[in-house]
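Thanks for coming. I will walk through one structure this morning, starting with a helix and then moving to a sheet.

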Protein chains: 2
Amino acid sequence: MSGVSQTTVSRVLRGHPHVRQATREKVLRVLAETGYAPSAAARTMRTGSTGIIGVLVGRVTNSFYPELAEALNATISEAGQQMSLWLAEEGTGREAGERAALAALRTGSLDGIVFTTATAESAALSEALVQHAPIVLLNRTLPGVRCDTVASDNVAGGRTVARYFIAHARSEVGLIGGPLNVSTGAERERGFVTGLAEHDIALGPATIARGEFTYEAGRTGMEQLLGHDSPPRAVFCVNDVIAFGALDAAREAGVRVPDELWVVGFDDTAMASWGAFALTTVRQPVREMAQTGIRLLLERIDGHFELAPRHERLAAELVVRRSTGGAAPS
Amino acid sequence: MSGVSQTTVSRVLRGHPHVRQATREKVLRVLAETGYAPSAAARTMRTGSTGIIGVLVGRVTNSFYPELAEALNATISEAGQQMSLWLAEEGTGREAGERAALAALRTGSLDGIVFTTATAESAALSEALVQHAPIVLLNRTLPGVRCDTVASDNVAGGRTVARYFIAHARSEVGLIGGPLNVSTGAERERGFVTGLAEHDIALGPATIARGEFTYEAGRTGMEQLLGHDSPPRAVFCVNDVIAFGALDAAREAGVRVPDELWVVGFDDTAMASWGAFALTTVRQPVREMAQTGIRLLLERIDGHFELAPRHERLAAELVVRRSTGGAAPS
């Protein structure tokens, strides 16, 4: 009816760029008039593939996740696929979000899923593993998990921070940590404690504050640490957004950074370089994490179910800024 | 084979919460062993509905969009649907992202789409309008567009800022604006200029800086404004992230906020209240925007194509903080 070839109609429907605007409009007009719509359902039943990869993220108000999502989107686009992002917030919402995305995978609306916020308690994830579903854990991982995982070397990163503090004679240290059931924070904390132990320094309970991975937890944590009789002179926060809260709390308490207090974060989000914070932090290689994760996932989707689970760890390096006076890495 | 009812199997597949863990595992084990997987494809062909609403967002590294996405996710969940987020970044990526999401809508993978970053040049959007696709424009809108739109009253918000500056005798004003083809920034700017004109104040070219909606543009813009012979004493930035860059540039130039310079933003993202910025800003009613947008969209999806396009404008109010010395709203 539109007087063009089947190929052209197909291209218009797929949103192919190489179709002239006039042709595209003619085809769409005719399709709209006739009420014709070839369904993704029909295509999926034919090819068994949707070309869509699901990505599960947690609190997108922690800017690390939007940055990771953008890196994943770029990588997935380069692979000729589309990304569909599903929010699975911390707490009760996460289980529901994970369950919904896994249902979409099981019933063929997604080809595979990238989990970025898995925790040990995730029942939905356990079920997916039983079914050998094409999934990859990115950023957060689980001990002994039977699927592909990609994460930064968080333990080494935490140890680097401990050695940095000690090399610059800042041995009165403190830590603001996250929930211990989350691998990223727990591993960074473990590395930090290990690095201190190498120099016979132990973190007493009075020098550890713990909360969620939020700005508010950073504020509260720093207020707590600064309230002690001998407050720390160097504080490691297990992610950047905690460190931003910690810096603001120090500022309000009149404690001068970096003269009286050093603060170090983890992630190197874009905001860490902003003048308001100028935060020394451990950089996660976000683009490389995304590329590695998608490569592993696409291999699974392509039917390589027989491969043993692969566990990739990527190096994370210290980036020095004003919050530690620009002191050279050790 | 699992010894349970068809209803229970169906519930397990949909991720329904009211299924005992042991039953769920048994059903999934049998399904995995038999290789059975009822496809979304089959369901969509049967019901004509996916239960999934697509949301197109731009640069998620501007934290307004993650906050809007979380509000949309909560609203869509409350309506018993799932949200699938599609990144359509500014520039060449946006057209591709929009095209892909619209292809997913056309072929039945999505029930409807929320556009949050439409611009007048969007060819994909024009095509969707021709086809009477179930879409809603949220946040950004277009003049005379033939579909439902929901946005803050940006013009009134900009005018409020102008009147606030004048009421406090800060009439040496400046503006850091965005690209003029984007409705949000253009409307806020128009309101600001109108409010100044009511008091016979004109914004000369030397008092306007313009760039993208980014931190970097805010820095550059403020450096430019401060470089003039008679720098402004009050600057309106058309969104918060521009204002954060502007504040950092002022800090580095040694210009004291609020004594020597007032800075006001627009959005009231969570970061605006952080101690590092304490930004006076115009609050967008994000939750209400999400609820209104989803209500209109669900009506369209339910088949109310005959309704004339509806255009909702929601009030945006000034929130006063330290960047204007906490001076009372006029």
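**A helix, a sheet and a loop**

Let me begin in chain B, with helix H9 and what covers its buried residues: the cover includes strand E6 (173–177), strand E7 (208–210), strand E8 (234–237), helix H10 (240–252) and strand E9 (262–267) of chain B. Keep in mind that this is a predicted model.

Which residues of H9(B) are buried? They are B:Tyr215, B:Ala217, B:Gly218, B:Arg219, B:Gly221, B:Met222 and B:Leu225. On spacing, a general point: an α-helix has 3.6 residues a turn, so residues three or four places apart point the same way.

H9 of chain B has 12 residues, 215–226, and at 1.5 Å a residue they should span 16 Å; the end C-alpha atoms are 17 Å apart, which agrees.

Now chain A. Chain A has 11 helices and 12 strands. Of its 330 residues, 57% are buried. If we take contacts in chain A between residues at least 6 apart in sequence, 72% of them join residues at least 24 apart. The accessible surface of chain A is about 13,100 Å², and carbon and sulfur atoms account for 52% of that.

Next, the sheet. In chain A, six strands make an open sheet with mixed pairing, in the order E7-E6-E8-E9-E10-E12. E7 and strand E12 (317–319) of chain A are at the edges; each has a single partner strand, so one side of each is left without a neighbour in the sheet. On average, neighbouring strands of this sheet are turned by 20° against each other, direction ignored.

Two helices pack on this sheet. Helix H9 (residues 215–226) of chain A touches E6, E7, strand E8 (234–237) and strand E9 (262–267) of chain A, and its direction makes about 150° with that of E6(A). Helix H10 (residues 240–252) of chain A touches E6, E8, E9 and strand E10 (280–283) of chain A, at about 155° to the direction of E9(A).

What is the bridge partner of A:Leu175 in E7(A)? It is A:Ile208.

Last, the loop. A:Pro205 lies between helix H8 (183–197) and strand E7 (208–210) of chain A. Is A:Pro205 buried or exposed? A:Pro205 has a relative accessible area of 74%, so it counts as exposed. A:Pro205 and A:Leu175 are 30 residues apart in sequence, and their C-alpha atoms are 9.9 Å apart in space.

Notes
Residues numbered from 1 in each chain as written. Chains lettered and ligands numbered in written order. Predicted model: local features only at pLDDT ≥ 70, side-chain atom pairs only at ≥ 80, totals over all residues. Heavy atoms only, no water. Helix = DSSP H or I, 4+ residues; strand = E, 2+ residues; numbered from the N terminus. Expected span 1.5 Å × (residues − 1). Buried < 20%, exposed > 50% of the residue type's maximum accessible area, 1.4 Å probe, protein only. Contact = heavy atoms within 4.5 Å. Areas by Shrake-Rupley, 256 points an atom, 1.4 Å probe, with all protein chains shown as cover. Pairing = 2+ DSSP bridges. Axes fitted to C-alpha atoms, helices over the stretch in contact; angles between N-to-C directions.
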